[in-house]
Every structure is written in C-alpha cells, then in structure tokens.
Amino acid sequence: MMIDPLSVFILLLGAATPILFAALGELVVERAGVLNLGVEGMMITGALAGFAAAHASGSPALGFLAAALAGAAVSMTFAALTQFLLSNQVATGLALTLFGLGLTAMFGKPYEGMKAPAMMPGPLGLNWMIWLGIALVPLVWWFLARTRPGLILRAVGENHDAAHGLGYPVRRMRVLAIGFGGALAGMGGAYISIATVLQWTEGMTAGAGWIALAIVVFAQWNPWGVLAGAWLFGGVTVLQLRLQAAGVAVPVQLLSMAPYLATIFVLVLISARQKFGRSGAGAAPASLGRPFHALK
Amino acid sequence: MKRRTLLGSAAALVASTALPAFAQEEKLKVGFIYVGPVGDGGWTYQHDLARQAVEREYGDRVETTYIESVPEGADAERAITQLALSGHKLIFTTSFGFMDATINVAKKFPDVKFEHATGYKTAENVATYDARFYEGRAVLGTIAGRMTKSNKIGYIGSFPIPEVVQGINSAYIHARKVNPDVEMKVVWAYTWFDPAKEADAAAALIAEGVDVFMQHTDSTAPLAKAQEAGAFGFGQASDMANFAPQPRLASIIDNWEPYYIKRVGEVLDGTWKSQGVWLGIGDGEVVIGEITDAVPAEVKAEAEALRDKIAAGEYHPFTGPLNKQDGSAWLAEGQTASDQELSSMNFYVEGITAPMPK
C-alpha cells in the first residue's frame with residue numbers, strides 16, 4: 001500500500017516540534033558547560049503553564065509566552081543550586097524533573113478535561129510554532145558560531161577557568177544559558193498540551209524531555225544535527241502509526257524501538273569515526289557538567 | 001503518580017492506625033484502584049462516578065478511597081496491598097491488567113473481597129465483572145458506516161486483547177451491513193492512556209483518509225484531534241458530551257453505578273458471593289449516549305432500533321453467517337457466538353484487511 005510521503009512529513013513536523021524546542025535549548029545549556037537533566041520537568045511545567053494561560057486568555061500565543069516564562073522560572077532553581085551553591089548538576093537536574101512532574105500533577109487537577117483554544121494556523125497549513133522551531137535552528141547556529149556572546153558562551157563551556165582568567169563572566173553566561181534552555185523546554189512542553197493533545201493531562205510529556213537530551217548527544221552539540229535528530233525521532237513515531245493505519249503488517253514493537261536503535265547506531269558511527277577517522281576529540285564541551293568556582 | 005500513591009497510602013495508614021480508638025459504628029471501607037486519572041473524562045472517570053454513587057446510596061455506612069493512575073504491573077500489587085492493609089474490605093480493581101495483581105493480593109487477604117473489571121480469573125474472594133461493549137460497538141458501527149463519505153472508518157485500539165478485538169469486529173460487521181464498501185483501518189496505540197500518542201494515532205487515521213473513527217483508549221485527545229480535522233468520532237467510556245455535535249456523533253457509555261451499588265449492598269448485608277458477570281445494553285451497563293443532530297434522522301432511528309433489539313435480546317451482534325479473516329468458516333447461518341468464544345476472540349472477521357498483531 002502507498003503512503004503519501006508529504007502527509008507523513010507534515011505529521012512528522014508536528015511530532016518533532018516539542019523535542020526540537022527542548023533539544024535546542026538544552027544544546028545551548030550544554031555548550032555553556034552545564035548539564036541540565038531537568039528537561040522533562042521544565043517541559044511538563046511549560047505544558048501546564050502554557051495550557052492554563054492559553055485557556056484563560058483564549059490566545060495560544062500568550063500560552064507559549066507563559067510557558068517560556070514558567071520554564072525559565074523553574075530552571076532558575078536549577079541555576080541557583082548548581083551555579084551559586086555548586087550542587088551536583090546530575091542530581092539537581094534529576095530532582096528538577098521529579099519536582100516538575102509532582103508540582104504539575106498537583107496544580108494541574110483543575111485543568112483536567114478542559115479544551116485548549118484553537119492554534120493559529122501559519123503558512124502552508126502548518127502552525128507558527130512549527131515555523132518558529134525550524135527558524136530557531138539557524139538562529140542558534142548563527143549565535144553560537146558567528147557572534148561574540150556566542151563565542152564567549154562556547155569558551156565558558158570548553159574551559160571555564162581560562163574564560164574566567166580572560167575576564168569573562170562564567171557564572172552569568174551559564175545562568176543566562178540555563179534560563180534560555182528552560183524557556184525553550186517550556187515552549188516545547190506547551191506545544192504538546194496546546195497543539196498536539198489540545199488539553200492538559202498529568203504526565204503528558206511522557207518522556208519527551210529524555211528524548212531531547214539524547215538528541216543533543218546524537219547531534220554532537222550541533223544545531224543542524226538537533227533538527228535532523230528531532231525529525232528522525234518524530235518521523236519514526238509518525239511512520240509507525242501511519243504504517244499501521246495503512247494496514248502494513250510490521251511488528252509495532254520493532255517500530256517503537258526504531259528511534260532508540262537509530263540513536264545507538266548513530267552513536268556507534270560517531271565514536272567509530274572518532275576512533276578511526278580524522279577527529280580525535282569528541283564534540284562534547286570540555287567543561288560539561290563540571291562545577292565552576294572562581295576562587296578554586 | 002507514585003508519589004501521590006505514597007502520600008495517599010501514608011494518609012490512609014495514619015487514618016487506619018489513629019481511628020480505631022474512636023471507632024463508633026463499623027463503616028465498610030471500599031477501595032478503588034484506577035488505571036488513569038479520574039480527570040481522564042473517560043474510563044476512569046466513569047468508575048469514579050460509580051464510586052460517588054455508592055457514597056450517595058449508602059451515606060455513613062460506607063467510606064470510599066481511591067488510588068488513581070496506578071500502572072498495570074508490579075506497582076498495582078503494591079497499591080492493592082496498601083488498600084487491603086488499611087482496612088478496606090471490598091476492593092474494586094478497574095483495569096484488565098490488574099488481573100494477576102488482584103489474584104495475588106486476594107490470596108494474602110482471604111477476608112477482603114475483590115471485584116476485578118474485565119478479567120477472567122476468579123477466586124473464593126475475587127469476583128469479575130465486565131460489560132458487553134461489543135453490543136454498543138454494533139450501534140456505533142452502524143452510525144459510522146452510514147456517516148462515512150470516504151468509506152474508510154477507523155479504530156484506535158489499546159491492546160490486542162479479546163475485549164478490544166470484539167469491538168473492532170462488531171463495529172466492522174455492522175458498518176458493512178449498512179455500507180458494503182466500507183473499509184476498516186486499525187491503529188494500535190499500545191496504551192490505555194497516553195493523550196499525545198492517542199492524538200497521533202487519530203492524526204494517522206485521518207491522514208489515511210478515515211473520516212469517522214472509534215477509539216478504545218481512555219482520553220478525549222482523539223476527539224480533540226477529530227474536531228480540529230473536521231472528522232467524526234464517538235464518546236468513549238464516558239459521554240464526552242462537550243465534544244458534541246461535532247466531532248462526537250454518539251457515545252458508548254460504561255455505566256457501573258447499578259453494579260457497584262448492588263455489590264456494595266451485598267457486602268453490607270453479608271450476601272456477597274464470588275461470581276463472573278457480563279452485562280450489556282439490556283442490563284443498563286452499556287449505554288448509548290445521545291445521538292447528535294449531525295446524524296440524519298433515519299440513521300438515528302436505524303441505530304436506535306438496533307440498540308433496542310439488542311437490549312431486548314432479540315438480536316446478537318455476532319450472528320452468522322460470518323467467516324474469519326482468512327476466509328475459514330466461523331458461524332453458520334443464524335448461529336450466534338458463545339460467550340466463551342467471545343472472551344477468547346483473537347481474530348478479525350472476513351473483510352477486515354488490517355493485519356492482526358501477533
């Protein structure tokens with residue numbers, strides 16, 4: 001049976017958008033040398049805050065704005081703990097995820113069963129958030145590769161002691177990056193509640209934050225790679241359901257596994273290339289996950 | 001989910017250890033284990049309505065507790081044990097996947113009575129209850145077959161278990177009866193409740209040209225998707241009336257209230273016995289919600305006539321001649337399927353081209 005590739009691509013764009021937002025945000029955070037495993041927690045916070053605001057105001061745009069603010073706000077607890085109190089980034093990030101899931105389960109009760117306002121359609125029948133997500137890819141790339149603040153951010157991520165020695169504000173750079181990551185994760189989460197499901201449900205991000213984290217590694221900290229990774233994950237999910245709907249007998253379990261198999265495959269390819277190929281060092285920022293203290 | 005379960009159980013434990021000193025008249029504590037949140041607007045919501053009906057009916061004589069969003073699997077056993085430990089004498093476990101957990105806990109608490117929904121394992125202190133959803137599906141299938149313009153109807157399945165397969169077959173048989181050209185597309189979501197996945201499944205069906213679909217998953221997400229795309233769907237488990245008239249054409253409602261009230265009453269007066277019941281439209285356990293004005297009057301009348309014939313016991317949705325998907329004979333002319341055949345149904349009927357998952 002034939003499946004129209006264009007319609008799969010259109011569905012794919014929608015399925016990829018939440019993880020594209022979250023992964024782009026996390027990419028900037030990690031390029032600044034901070035590992036924030038709280039993406040899932042920030043996404044679910046954004047999903048609830050965005051839905052609540054969109055429902056109250058009737059405007060999805062306001063919803064996404066609120067989601068960005070809420071995501072950034074909870075990411076600031078992570079920033080305060082890891083950048084000022086020098087707590088362990090892995091443990092703090094995990095705590096942020098658990099905190100976000102619990103908090104939203106509690107405050108989300110009154111919103112269950114309500115409907116989201118209609119999304120604003122954009123060009124070519126795709127909503128504006130899909131376009132914004134795609135537009136962010138070159139913007140993030142341009143910022144990191146072509147601007148002075150982007151260069152400083154990368155310097156902070158590669159060697160925070162050297163950056164500090166040159167007089168760059170390591171901590172301020174990282175706090176700003178964490179806030180940006182939180183805002184994008186919040187918007188990604190809100191896409192799920194406002195555009196995909198059109199309602200709020202507890203735990204509705206269902207692991208999207210973890211996929212976003214995997215995609216950053218998959219992409220080797222490159223924004224274009226993030227776009228490819230998000231489309232791959234979104235594409236396999238959508239294709240799996242489409243094949244079923246078209247009546248093709250493919251074992252669903254195998255299809256559901258496919259994105260993860262693909263990730264492992266790409267990781268193996270990348271490490272093989274590093275081992276046998278030209279590039280010696282990995283693409284991971286050298287100071288990733290290491291706490292920074294100016295007086296050390 | 002787990003955290004809330006913990007909190008809930010901690011509260012229940014505190015209550016159960018602190019209260020006996022003040023115990024006035026012994027209240028019957030009735031516990032409920034839900035697979036989704038009560039706010040799902042579907043399956044769990046209906047069970048919770050029935051729980052509230054029990055409270056209204058018996059007032060001070062009963063006290064009810066529920067634990068929601070309990071995952072099927074090892075965690076379920078823990079949650080059921082908590083209810084049993086905290087003095088609940090009657091426990092309703094409301095999802096197929098709680099079957100083994102219910103049986104295991106029941107062995108450890110012989111003086112606690114258990115009611116397991118949609119399963120097939122009973123014990124001295126474990127009864128099962130189920131609804132003949134396939135009767136309602138026959139009515140929805142009739143409406144779907146009449147309403148589709150693309151001649152493609154869809155079905156979002158949860159897991160390929162007999163209960164769901166019966167529904168797909170019943171819906172298809174009756175859609176084909178009124179529209180011989182109809183095709184059935186099936187997507188398995190492999191979850192009872194995951195709004196994002198259910199929405200994606202609905203989107204996949206719509207992209208495949210389906211314009212009327214049914215669902216056997218618990219959330220309202222597929223209806224929200226249908227609304228956006230201009231397709232039609234049906235309220236599932238609950239009326240989902242706030243999606244009427246478009247996309248919700250009608251609904252298949254699980255009405256557990258009469259059964260819950262009856263069984264709690266039996267525990268109160270000491271006449272409760274283990275049993276396995278399977279009730280349908282005629283018993284008021286499966287209800288067809290209001291058919292909206294989007295459905296032409298003659299189709300509505302046709303669907304209601306079918307509903308009434310099933311309720312009166314004059315018609316069985318699985319009446320021969322019917323063949324299996326592979327073309328082999330199943331039911332001869334006029335023969336009806338036995339309950340035993342239905343409760344182990346693992347094949348599609350002839351005409352459905354979708355492959356049955358292994």
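Tutor: Of the 15 residues of helix 5 of chain B, 14 are buried, so this helix is largely enclosed by the rest of the structure. A residue is buried if 20 or more other C-beta atoms, placed from the backbone, lie within 10 Å of its own, exposed if 12 or fewer do, and partly exposed in between. Helices (H or I, at least four residues) and strands (E, at least two) are DSSP runs, numbered from the N terminus. The model is predicted: local features need pLDDT of at least 70 and side-chain atom pairs pLDDT 80 or more, while totals for chains, interfaces and linings use all residues. Residues are numbered from 1 along each chain as its sequence is written, with chains lettered from A and ligands numbered from 1 in the order in which they are written.

Helix 5 covers residues 133–147 of chain B and reaches 21 Å from its first C-alpha to its last, close to the expected 21 Å (1.5 Å times one less than its number of residues). Around this helix, chain B comprises 11 helices and 14 strands. Its radius of gyration is 21 Å, close to the 21 Å of the globule rule for 358 residues, so chain B is as compact as a globular protein of that length; the radius is taken over C-alpha atoms, and the rule is 2.2 Å times the number of residues to the power 0.38. Buried residues make up 53% of the 358 residues in chain B. The C-alpha atoms of chain B fill a box of roughly 70 × 40 × 40 Å along the principal axes.
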